Amino acid sequence: MTVSYPFGAPCWVETLQPDPDAAMAFFSELMDWTFDEGGPNGYRTARVDGRRVAGIGQAPAMLDRGAWITYVLVADLDQ
């Protein structure tokens, strides 16, 4: 299944967490998310009913708490 988004619409969300394993346990219980196996950098994709819904990764050292990032689809990044 391919999902398309209109320009200007949020198209992806992810959270960066100091303890991604604890965050995955929290969100799997709260939102009924399952997670793909982590890639080389530990980034994981959360799924509901097999559909990708969010990403979760390790927060950089400068963050002492979790953060959410929302991506918006644009036609031209330079504009």
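Residues 24 or more positions apart account for 62% of the contacts in the chain that have a separation of 6 or more, a contact being a case of heavy atoms within 4.5 Å. This is a predicted model in which local features need pLDDT of at least 70 and side-chain atom pairs count only at pLDDT 80 or more, whereas totals for chains, interfaces and linings use all residues. Residues are numbered from 1 along each chain as its sequence is written, and side-chain values use heavy atoms, with hydrogens and water left out.

**Overall architecture**

- Taken along the principal axes, the box filled by the C-alpha atoms of the chain comes to roughly 35 × 35 × 25 Å.
- Of the 79 residues in the chain, 23% are buried, where buried means under 20% relative accessible area, exposed means over 50%, and partly exposed lies in between (1.4 Å probe, protein chains only).

**Nonpolar core**

- The largest nonpolar core has seven residues in all, namely Ala23, Met24, Phe27, Trp33, Ala46, Ala54 and Ile56; such a core is a set of buried Ala, Val, Leu, Ile, Met, Phe, Trp, Tyr and Cys residues joined through side-chain atoms within 4.5 Å.
- Two or more residues of this core come from each of α1 (20-31) and β4, and α1 gives the most, with three residues.

- The rings of Phe26 and Phe27 form an edge-to-face pair, because their centres are 5.0 Å apart and their planes stand at 75°.
- Phe27 counts as buried at 12% relative accessibility, and the pair of Phe27 with Trp68 is also edge-to-face, since the ring centres lie 5.6 Å apart and the planes are at 85°.
- Ring pairs join Phe26, Phe27, Trp33, Phe35 and Trp68 into a cluster.
- With neighbours within four places in sequence left aside, the contacts of Phe27 are Thr15, Asp32, Trp33, Phe35 and Trp68.

**Largest pocket**

- The largest pocket holds about 300 Å³ of space; on a 1 Å grid over the protein atoms alone, a pocket is an open set of points where a 1.4 Å probe fits, with protein on both sides within 12 Å along at least five of seven lines, and lining residues have an atom within 4 Å of a point.
- The volume is the space filled by probe spheres set on the grid points, which are joined across faces, edges and corners.
- Eleven residues line this pocket, and the closest to its centre are Val3, Tyr5, Arg51, Arg52 and Val53, while the elements that give two or more residues to the lining are β1 (10-17) and β4.
- By class the lining has seven nonpolar, one polar and three charged residues, where Ala, Val, Leu, Ile, Met, Phe, Trp, Tyr, Cys and Pro count as nonpolar, Asp, Glu, Lys and Arg as charged, and the others, Gly among them, as polar.

**Loops with positive phi**

- Asp32, in the loop between α1 and β2 (34-35), has a positive phi of about 60° although it is not a glycine, and Asp32 is exposed, with a relative accessible area of 60%.
- Asp49, in the loop between β3 (44-48) and β4, has a positive phi of about 50° although it is not a glycine, and Asp49 counts as exposed at 78% relative accessibility.

- Ala59 lies in the loop between β4 (51-58) and β5 (67-72) and is buried, with a relative accessible area of 8%.
- Although 42 residues separate Ala59 and Gln17 in sequence, the two are 4.6 Å apart in space, C-alpha to C-alpha, and the contacts of Ala59, leaving aside neighbours within four places in sequence, are Leu16, Gln17 and Pro18.
- Asp76, in the segment after β5, counts as partly exposed at 35% relative accessibility, and the C-alpha atoms of Asp76 and Phe7, which are 69 residues apart along the chain, are separated by 9.7 Å.

Notes:
Helix = DSSP H or I, 4+ residues; strand = E, 2+ residues; numbered from the N terminus. Phe/Tyr/Trp six-rings, centres within 6.5 Å; stacked < 30°, edge-to-face > 60°.
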